[in-house]
Amino acid sequence: MSAPNKSYDPVEVEALKPEEIERMQSEALAAFAAATDLDELASAKTAHTGGTSPLALANREIGALPPHAKADAGKRVGQARGRVNQALKVRQEELEAERDARVLVEEAVDVTLPYDRVQAGARHPLTTLSERIEDVFVAMGYSVAEGPEVESEWLNFDALNIAPDHPARTMQDTFFVESAADGDEKQTGVVLRTHTSPVQIRSMLDREPPLYVICPGRVYRTDELDATHTPVFNQVELLAIDEGLTMADLKGTLDHMVRALFGEGMETRLRPNYFPFTEPSAEMDMVCYVCRGASVGNPDAPCRTCSSEGWIELGGCGMVNPRVLTACGVDPEKYSGFAFGFGIERMLMFRHNVEDMRDMVEGDVRFTRPFGMEI
Ligand code: DAH
């Protein structure tokens, strides 16, 4: 084993020569001073203080020196590194202060600018369509009636001739809020209304005929939210009670409505159906407003809106069942009436090609904005 190299001179180690250390230090200080932003300073920091920087490499050489030379070389390198780090810190603070000052100026918000930079919002198309429908009927002398969304079971079902064993009463369709108290005959359960038809009953109980009301409103059914179902949706209900009203009046009213909403040339057709609260009852369809029937039997020009049927199903209607009139204290010998009800979401879907009902409930302004700022 050879003895330690007592005569080893650090000056002989190139990287540890005082003028070399001096040069490394002044190059580092010059690089920091030359950095004009924080990114440049970060690169200079890596180059001059990082693990492979000249000063770090020189520092590693110290370990190989004989003990008497270590202190001197260590002091020299240590001082140089201290000055470099200090200079880095000072420059870092300067550049940060410069950046903060610049950001304050560049990103300043002029609160005195006019408002036109604020995007105009839009009313929900369900609201505007619903108001359009109301307008059509208000122009014909109807008044708008409202009822509560939390409704008594009697008004939602019984008074509409929907017997307690009717399928619509089962848990599948209805959100039950409160059940009827046992043994109390007058007590009825409470539900979230499953349709706007109870407003017919409320209107008849509140007012004397003749009666012409339209009721738009929110209704609830225990459906899962998907592209074509939503547990909360909107319906429009119409009720007319007067002397001598017939199904011809109902048909004329429906035709007028579809022309007012979809344009001239539109018409409706009635198909026999059953509803407990109307007799006779019908399903009402309107001419497909996209193809106007042209797609029927024409495979070359299929229509997605009506599945090439030529007709779109709107909702239900009929002559008010005399049992319903009687339950509401209206004399069926003297008065007759017609009613209809349909869903506004469905109408919005085929009127505006909305393909997914979820778009209507998510509240994303990108959905509502294209409908414009209709008042
Ligand atoms: N209430 C029915 C429903 O929600 C729709 C309806 C059908 C309303 C016939 C009516 C009517 O006024 O006469 O399915």
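A salt bridge is taken here as a side-chain nitrogen of Lys or Arg within 4 Å of a carboxyl oxygen of Asp or Glu. By this criterion, Arg269, Arg271, Asp285 and Glu313 are linked in a network of salt bridges. The structure is a predicted model, in which local features need pLDDT of at least 70 and side-chain atom pairs count only at pLDDT 80 or more, while totals for chains, interfaces and linings use all residues. Residues are numbered from 1 along each chain as its sequence is written, and side-chain values use heavy atoms, with hydrogens and water left out.

The structure holds 17 salt bridges. One of them joins glutamate 27 to arginine 23, with the closest N and O atoms 2.6 Å apart. Both residues lie in helix H1 (residues 18–34), four residues apart, about one turn of the helix. Helices (H or I, at least four residues) and strands (E, at least two) are DSSP runs, numbered from the N terminus. Glutamate 27 counts as partly exposed, at 38% relative accessibility. Arginine 23 is also partly exposed, at 35%.

Further pairs were examined. Arginine 99 and aspartate 100 meet through their side chains in a salt bridge of 3.1 Å, N to O. Arginine 99 is partly exposed at 33% relative accessibility, and aspartate 100 is partly exposed at 41%. A salt bridge of 2.9 Å, N to O, connects the side chains of arginine 123 and glutamate 131. Here arginine 123 has 26% relative accessibility and counts as partly exposed. Glutamate 131 is partly exposed, with 29%.

Two packed helices are described by the angle between their axes and the distance between the axes. Axes are lines fitted to C-alpha atoms, for helices over the stretch in contact, and angles run from 0 to 180 degrees between N-to-C directions. The axes of H1 and helix H2 (residues 38–49) come within 9 Å and cross at roughly 170°. H1 is therefore roughly antiparallel to H2 (angles under 35 degrees count as roughly parallel, over 145 as roughly antiparallel, 65 to 115 as roughly perpendicular and the rest as oblique). Glu27, Ala28, Ala31, Phe32 and Ala34 of H1 make the contact with Glu40, Leu41, Ala44, Lys45, His48 and Thr49 of H2. Contact means heavy atoms within 4.5 Å. By class, this contact has six nonpolar, two polar and three charged residues. Ala, Val, Leu, Ile, Met, Phe, Trp, Tyr, Cys and Pro count as nonpolar, Asp, Glu, Lys and Arg as charged, and the others, Gly among them, as polar.

Helix H5 (residues 125–138) packs with helix H8 (residues 247–262) at an angle of about 130°, the axes being 10 Å apart. H5 is therefore oblique to H8. On the H5 side, Arg132, Ile133, Val136 and Phe137 meet Thr253, His256, Met257, Ala260 and Leu261 of H8. The contact of H5 with H8 has six nonpolar, two polar and one charged residues.

Two single residues complete the account. Threonine 174 is found in the loop between helix H6 (153–156) and strand S3 (176–178). Threonine 174 is buried, with a relative accessible area of 2%. Leaving aside neighbours within four places in sequence, its contacts are Phe157, Ala168, Arg169, Val191, Leu192, Thr194 and Thr222. Glutamate 106 lies in helix H4 (residues 67–106) and counts as exposed, at 57% relative accessibility.

Technical notes
Buried < 20%, exposed > 50% of the residue type's maximum accessible area, 1.4 Å probe, protein only.
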